[in-house]
Amino acid sequence: MAKQKYATQTGTLSYPHLHEPQEVINPDYQGYSCSLVFELGDTEKYQEIIDVVKSAVSSDSRLEGKSNIYLPYNVNEEDDTITFKFKRKTAYGAPLCVDKQKKHMDADEVRDRLYAGASVRIAYTPYSYSNQSHGVSLAFDAVQLVAEGSRILDSNPADVFSTLTSPDSVDDMF
């Protein structure tokens with residue numbers, strides 16, 4: 001039986017690894033990943049994802065009575081945001097990435113236009129697991145660019161070092 005597929009409402013893309021797999025510490029898992037951020041006040045935009053995750057937990061008997069169940073989202077009350085994490089195994093290939101008109105984006109377009117800060121929708125499937133750890137993950141199949149937004153990081157990350165002064169010794173750093 002095929003698993004149910006869902007599509008998110010429009011959110012802000014964060015930490016996109018869409019055109020090449022993310023290098024991770026765990027050698028057993030390499031894959032594509034991204035996060036989708038919503039303002040906490042926009043409940044109608046993200047509530048369905050939470051409901052889908054809760055349904056995946058309650059429908060898997062392996063998770064009954066388990067503590068420390070991993071949920072694929074984090075609430076940051078300091079920033080008033082909720083962030084959902086999506087991933088895709090390398091074995092399945094890169095996710096489909098399309099523009100607003102659902103036209104396929106090549107790797108260069110993905111790199112240039114699907115950046116942290118872009119407004120996107122994500123097609124995903126929830127799956128539960130229970131092995132060494134227990135929880136629910138959101139496997140994504142496709143990302144649709146809805147609108148280009150402000151880049152979360154507008155400058156070269158290395159530029160931050162130009163404003164720092166060098167310590168006289170290593171002892172001064174700590």
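Predicted model: local features only at pLDDT ≥ 70, side-chain atom pairs only at ≥ 80, totals over all residues.

Trainee: Okay. How many bridges join β2 to β7, and in which sense do they run?

Mentor: Two bridges link β2 and β7, and the strands run antiparallel.

Trainee: And what about β1 and β7, how do they pair?

Mentor: β1, residues 6-7, pairs with β7 in the antiparallel sense, over two bridges. Ala7 has Ala123 as its bridge partner in β7.

Trainee: Over how many bridges do β7 and β8 pair?

Mentor: Over 12 bridges, in the antiparallel sense. Ser119, for example, is bridged to Ala147 in β8. β7 and β8 form a hairpin, with three residues between them.

Trainee: While we're on β8, why is Gln144 classed as buried?

Mentor: Gln144 is found in strand β8. Its relative accessible area is 12%, so Gln144 falls under the 20% cut-off for buried.

Trainee: Which residues is Gln144 in contact with, leaving aside neighbours within four places in sequence?

Mentor: Gln144 is in contact with Val98, Asp99, Lys100, Lys102, Ser119, Val120 and Arg121.

Trainee: Switching to the core: which members of the largest nonpolar core touch the most other members?

Mentor: That core has 30 residues, and the ones touching the most other members are Leu18, Phe84, Phe86, Leu114, Val120, Ile122 and Phe140. At least two core residues come from each of β2 (11-22), β3 (31-39), α1 (43-58), β5 (81-89), β7 (119-130) and β8 (134-147).

Trainee: Which element gives the most to this core?

Mentor: That's α1, with six residues.

Trainee: Let's zoom in on Phe84. What is Phe84 in contact with, beyond its neighbours within four places in sequence?

Mentor: The list is Cys34, Ser35, Leu36, Phe38, Tyr46, Ile49, Ile50, Pro72, Tyr73 and Leu138.

Trainee: I see a serine in there. Where is Ser35 found, and is Ser35 buried or exposed?

Mentor: Ser35 is in strand β3. With a relative accessible area of 9%, Ser35 is buried.

Trainee: Which residues does Ser35 touch, not counting those up to four places away in sequence?

Mentor: Ser35 touches Thr12, Leu13, Ser14 and Tyr15, along with Thr83, Phe84 and Lys85.

Terms used
Residues numbered from 1 in each chain as written. Heavy atoms only, no water. Core = buried A, V, L, I, M, F, W, Y, C linked by side-chain atoms within 4.5 Å. Buried < 20%, exposed > 50% of the residue type's maximum accessible area, 1.4 Å probe, protein only. Helix = DSSP H or I, 4+ residues; strand = E, 2+ residues; numbered from the N terminus. Contact = heavy atoms within 4.5 Å. Pairing = 2+ DSSP bridges.
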